[in-house]
Amino acid sequence: MNRTIEVSLTRAEGAIVRILGLIERRGFIVESIATRSDPHADSLVMHVDVASRGRPYDVLVRQIVRLLDVRHALLVEPQAAGQRLVC
Amino acid sequence: MKGAEALLEALRDRGVEVVFGYPGGAIMPLYDALLGSGIRHILVRHEQAAAFAADGYARVSGRPGVCIATSGPGATNLVTGIANAFLDSVPLVAITGQVATPLRGTDAFQEVDIFGITLPIVKHSYVVRHIEELPRIVHEAWDIAASGRPGPVLIDLPKNMAAGEAHGAARVLRPRLAPERADEADLARAAAMIAAAERPVLYAGGGIGIGRAIHAFRNFVAETGIPVVSTLKGLGAVPTDEPLFLGMLGMHGTRAANNAVQQSDLLIAVGARFDDRATGKLEGFAPDARVIHLDVDRAEIDKLRRADVALAGDLSQSLAAIGQGLRIAAWRRHCLRMKAQHAWRYDAPGDGIYAPELLRRLTTACDGEATIACDVGQHQMWVAQHCLIRRPERHLSSGGLGAMGYGLPAAIGAHFADPQRTSIAVSGDGSIMINIQELATLKRYGLPVKILLLDNQSLGMVRQWQELFFERRFSEVDLSDNPDFASVARSFGIDAMTVDRASQMDETVDALLNHAGPLFVHCRIDPAANVWPLVPPGHTNATMLEGSLQ
């Protein structure tokens with residue numbers, strides 16, 4: 001089952017690539033991405049649909065959280081996933 | 001003040017006295033500012049060596065090492081060193097020149113996207129876009145490199161940012177880098193689990209040395225009396241002649257260490273990451289053990305082995321909270337009996353030099369006080385198995401990346417971090433050729449670094465694997481056409497000697513520890529010698545192949 005990870009990140013050079021690259025390098029598949037800006041907080045919020053080949057999602061989230069540009073990251077509860085934008 | 005001057009001023013503010021690098025076009029403004037800056041620049045002869053030297057400096061000093069290269073090939077030559085620091089959690093600040101901002105993205109001369117190239121192998125990175133940001137970036141980079149789980153930080157510096165005038169400086173903000181503390185309830189659960197254990201084992205990793213938790217770890221060992229095994233990078237967490245130390249675990253670990261882990265009912269992993277070289281086949285690793293995992297990096301918890309209790313945070317604080325006296329005398333006796341039964345033997349037949357015996361003699365003669373910087377291959381494992389290592393920072397080894405060519409430049413960096421301590425590079429005839437040009441650095445600065453080259457005229461570890469696992473089909477491992485290494489060293493102006501008989505071991509040790517100035521010892525060893533024991537690939541650590549001296 002795919003899961004959605006919500007990431008809030010600082011608008012910094014390379015921040016988006018760093019996150020997406022980490023997800024793929026750690027053995028997960030990026031299925032889709034939706035991003036919106038939060039001009040008040042000078043940040044971006046990403047929702048990334050991710051498929052796993054058996055590796056734990058919670059470990060991936062902790063790996064994302066330790067990136068310096070990331071303000072927070074969390075696994076979206078499956079019942080809330082229908083509300084997300086997908087592009 | 002120019003941008004380059006602002007950068008150097010920020011480095012000086014952080015106490016930087018020495019940097020390692022190699023100049024070139026785009027980084028020229030920084031090199032111009034280095035003159036008279038009060039920061040000593042060590043000119044290496046290849047940028048990879050600058051990164052490795054800064055790495056060695058950082059491991060010994062406990063403070064970030066700084067390396068500098070120009071744009072394009074200079075920057076890409078740093079990449080192996082940056083990856084090495086990333087995989088071994090070494091604090092490093094790498095500064096690369098970049099083409100001027102108006103030229104970026106035009107495929108200009110010596111333009112590469114080093115920021116993009118290094119994204120997966122840095123803890124963080126910056127492209128300098130405004131001169132005024134430079135002090136903030138340098139201070140942030142320093143703090144990020146050194147804090148929590150350390151790692152490399154890259155600063156890509158366009159030429160016009162270095163050469164331009166700074167008009168004011170952005171406020172320096174210290175990032176949010178306070179260490180975590182483990183949860184009190186988890187600490188209580190861990191303490192209860194330890195109290196109930198009958199066959200506990202401490203699995204010591206490189207995080208103990210990196211996290212400056214050696215004192216707390218040794219106190220914990222003394223209080224609990226739990227037998228200790230260690231990863232390659234954890235060696236020295238307790239002295240390797242400590243009675244409770246069973247040896248390195250894993251692929252080239254001792255039988256006592258691997259058996260103890262396999263038989264344990266509680267594995268306490270401290271600053272270790274369940275690396276495949278340590279665990280063997282993961283599914284069969286410590287099959288009966290519950291796991292307490294202590295690590296400063298929460299992302300390591302549950303990555304490969306689920307922890308029954310996770311203590312994410314400062315290792316010293318966690319260890320102090322869970323120590324206690326235990327009644328495990330029978331288990332301890334069992335472990336020590338295994339250690340005695342499988343003790344190393346050094347009675348190799350013949351009159352040639354048995355490398356493990358030479359390494360043992362060398363490090364016992366100096367009571368483990370020298371810094372040993374390894375290259376990668378069979379000799380790296382012999383160092384790990386047979387050297388007396390009293391502290392992790394006296395054993396520099398490319399653990400995660402396994403980068404041949406690391407040893408000599410790392411030994412150079414170690415010398416600058418601790419000039420009074422003997423610094424010895426132990427290398428092989430494959431590895432030494434990767435960065436042999438650094439003999440010129442020894443000569444230029446008159447560094448009393450010693451080199452012990454164990455020459456088996458082959459890529460020994462690859463040859464060993466071809467012998468054991470590829471039906472003796474030897475492919476591209478023969479190095480019998482090596483140059484005369486002693487002559488090569490002398491051509492750089494380095495004193496050299498060649499030895500090949502067991503009767504020369506004492507004079508070899510004496511020379512390595514007492515020769516004034518740099519010395520290159522070319523030691524010919526048995527080309528057929530293998531590293532034992534060995535856990536074959538795909539097997540658990542319960543399966544160990546052994547050679548004639550095991």
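**Note on the predicted two-chain model**

1. Of the 87 residues that make up chain A, 46% count as buried. This is a predicted model, and the remarks below should be read with that in mind. The prediction carries an ipTM of 0.89 and a pTM of 0.96, while chain B has a mean pLDDT of 96, with 98% of its residues at 70 or more.

2. The make-up of chain A can be stated briefly: the chain contains two helices and four strands, and along the sequence these elements follow one another in the pattern β-α-β-β-α-β. Among the contacts of chain A with a separation of 6 or more, 71% come from residues 24 or more positions apart. Chain A exposes about 4500 Å², and 52% of that area is supplied by carbon and sulfur atoms.

3. The four strands of chain A form an open sheet in the order S2-S3-S1-S4, with antiparallel pairing. Strand S2 (28-38) and strand S4 (70-76) of chain A each have a single partner strand and stand at the edges, so one side of each has no neighbour in the sheet. On average, and with direction ignored, neighbouring strands of this sheet are turned by 20 degrees against each other. Within the sheet, S2(A) pairs with strand S3 (residues 43-52) of chain A in the antiparallel sense over 10 bridges, and Ser37(A) is found opposite Leu44(A) of S3(A).

4. Which residues of H1(A) are buried? In H1(A) these are Ala15(A), Arg18(A), Ile19(A), Leu20(A), Gly21(A), Leu22(A) and Ile23(A). The helix is followed by Gly27(A), which has a positive phi, near 95 degrees.

5. Thr254(B) deserves a separate look. The residue lies in the loop between strand S9 (245-248) and helix H11 (255-263) of chain B, and at 12% relative accessibility it counts as buried. Not counting residues up to four places away in sequence, Thr254(B) touches Leu246(B), Gly247(B), Met248(B), Trp344(B) and Met544(B). With Leu246(B) there is also a polar approach, in which the backbone oxygen of Leu246(B) lies 2.8 Å from a polar atom of the Thr254(B) side chain.

6. Trp532(B) is joined to Pro533(B) by a cis peptide bond, with omega about -10 degrees, and Pro533(B) itself is placed in the segment after strand S18 (519-524) of chain B.

7. Two further backbone features of chain B are worth checking by eye. Most residues other than glycine have a negative phi, and most peptide bonds are trans. Ala286(B), although not a glycine, has a positive phi of about 45 degrees, and Arg472(B), likewise a residue other than glycine, has a positive phi near 60 degrees.

8. Are these two residues buried or exposed? Ala286(B), which lies in the loop between helix H12 (276-279) and strand S11 (290-295) of chain B, is buried, with a relative accessible area of 0%. Arg472(B), in the loop between helix H19 (460-469) and helix H20 (485-491) of chain B, counts as exposed, because its relative accessibility of 53% is over the 50% cut-off.

Notes: Residues are numbered from 1 along each chain as its sequence is written. Chains are lettered from A and ligands numbered from 1 in the order in which they are written. This is a predicted model: local features need pLDDT of at least 70, side-chain atom pairs count only at pLDDT 80 or more; totals for chains, interfaces and linings use all residues. Side-chain values use heavy atoms; hydrogens and water are left out. Buried means under 20% relative accessible area, exposed over 50%, partly exposed in between (1.4 Å probe, protein chains only). Contact means heavy atoms within 4.5 Å. A polar contact is a pair of N or O atoms within 3.5 Å; within protein, one must be able to donate a hydrogen and the other to accept it, and residues adjacent in sequence count only if both atoms are side-chain atoms. pLDDT is the predictor's confidence in each residue, from 0 to 100. Accessible areas come from the Shrake-Rupley method with a 1.4 Å probe; for residues, only the protein chains shown count as cover. Two strands pair if DSSP finds at least two bridges between them. Axes are lines fitted to C-alpha atoms, for helices over the stretch in contact, and angles run from 0 to 180 degrees between N-to-C directions.
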